[in-house]
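Subject: Structure handover

Hello,

Please find the structure below.

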Amino acid sequence: MFRTAKMIRKLFCFLVALILLRLVFLAKVFINSKDSFLTSTAIQYLLANGNYTFSWRVKETEDRKVSQGTTHMPASMNKTLGPCTDPPPNLVGPLRVEFNLSLTLEEVRKEISRPLQEGGRYKPPDCVAIQKVAIIIPFRNRHEHLIQWLYYVHPILMRQQLDYGVYVINQDGDGLFNRAKLMNTGYVEALKQYDYDCFVFSDVDLFPLDDRNIYKCFDNPRHLSVAVDKFNFILPYGTIFGGVSSFFKNQFLKTNGFSNTYWGWGGEDDDMYKRTIFRGMSISRPDSQTGRYKMIVHNRDLHNEVNPENAEKVGHAETTMDEDGINSLKYTVKEIVKDALYTFITVDIQAPAS
Ligand code: UDH
Ligand code: MN
């Protein structure tokens with residue numbers, strides 16, 4: 001009798017253990033099926049939203065379930081940044097610029113490129129920049145100047161807390177050089193890359209000697225290089241507009257950009273001065289301390305000789321500006337290379353032989 005009761009108890013315990021094991025198994029299956037539900041909705045979300053990385057998407061989907069539809073960004077993008085202060089807090093004022101012409105591009109990349117995104121793009125990490133600025137450099141065969149420019153000017157632009165990109169517009173071939181047409185081309189190409197609202201046009205051989213000279217746009221088109229060492233730190237004439245200038249997008253469109261027809265050296269900046277005035281704007285400038293610049297000493301380049309026809313053309317700026325500019329610009333892009341420090345765009349601008 002006793003033995004039978006003991007056996008029944010053992011059998012009962014065995015059955016209970018079996019049932020418990022089964023329950024544990026079922027619970028696991030249930031939890032796993034919930035996980036795979038999350039994963040499959042995450043994959044659908046992934047397919048519908050091509051821009052995020054997979055791990056972010058999975059997390060976002062989970063977050064959305066618990067937070068009932070509020071949009072959650074990944075933690076790294078979630079912090080809301082305040083606007084950058086104006087003026088920027090880390091400017092140092094007057095700068096010493098001593099060229100080290102033995103510097104290589106590789107050395108500059110190593111030293112400067114860490115905070116940059118590919119193509120020479122930068123955004124301040126801890127605030128929202130006041131302007132999105134495309135820096136446009138008209139270029140041909142001045143690599144040794146470009147290395148210096150990247151080395152000195154990138155750190156200044158970073159301290160100025162701009163959301164910026166550097167676009168080097170390289171004229172293809174050895175026809176007559178056309179600085180203004182390259183700058184128009186840079187305007188159009190930079191806008192294809194990012195929604196810039198301000199455009200700074202800079203010669204490759206000009207170096208600001210004061211970082212309070214902010215590479216941004218103002219109420220009127222701005223002439224930034226007002227006191228260049230080559231001209232004994234004074235304006236050589238009152239209406240000069242060459243070197244470094246800046247335009248908001250709408251200011252640039254008001255002038256129809258630059259003329260495309262100034263081949264060889266001279267006149268294109270004076271033409272732009274006239275366009276600016278004819279469209280009811282004036283030229284803004286920094287004071288002569290803030291606007292100090294150093295130019296690398298250089299000779300006139302081949303295929304960019306002074307063109308005497310250019311001076312005469314300036315006299316017709318008012319009558320030609322509506323048909324000659326951004327609205328008549330024709331060029332073909334031969335190549336776009338995104339270096340760590342800049343975007344290099346080689347263009348055929350249909351230059352006449354020199
Ligand atoms: N540029 C090039 N390659 C060229 C020509 C011009 O990259 O072959 C670009 C470059 O950005 C340069 C800018 O166009 O800084 C303006 O050209 P520039 O530097 O020749 O103009 P600048 O006003 O002319 O400096 C001064 C000529 C110096 C001759 C002095 C003779 N006494
Ligand atoms: Mn020069």
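The notes start with conventions, then cover the ligand and the sheet.

This is a predicted model, in which local features need pLDDT of at least 70 and side-chain atom pairs count only at pLDDT 80 or more, while totals for chains, interfaces and linings use all residues. Residues are numbered from 1 along each chain as its sequence is written, chains are lettered from A and ligands numbered from 1 in the order in which they are written, and side-chain values use heavy atoms, without hydrogens and water.

Ligand 1 is surrounded by 15 residues, counted if one of their heavy atoms lies within 4 Å of it. The closest are Pro-138, Arg-140, Val-204, Asp-205 and Lys-230. By class, this shell has seven charged, six nonpolar and two polar residues; Asp, Glu, Lys and Arg count as charged, Ala, Val, Leu, Ile, Met, Phe, Trp, Tyr, Cys and Pro as nonpolar, and the others as polar.

Oxygen atoms of ligand 1 lie 2.9 Å from a side-chain N or O atom of Asp-205, 3.0 Å from one of Arg-142 and 3.1 Å from one of Trp-265. A polar contact is a pair of N or O atoms within 3.5 Å.

The sheet is open, with three strands (DSSP E runs of at least two residues) in the order β5-β9-β7 and mixed pairing. β5 (206-208) and β7 (227-228) are at the edges with a single partner strand each, so one side of each has no neighbour in the sheet. β7 pairs with β9 (residues 292-295) in the parallel sense over two bridges; pairing requires at least two bridges found by DSSP. Val-228 has Tyr-293 in β9 as its bridge partner.

Regards

Notes:
A polar contact is a pair of N or O atoms within 3.5 Å; within protein, one must be able to donate a hydrogen and the other to accept it, and residues adjacent in sequence count only if both atoms are side-chain atoms. Helices (H or I, at least four residues) and strands (E, at least two) are DSSP runs, numbered from the N terminus.
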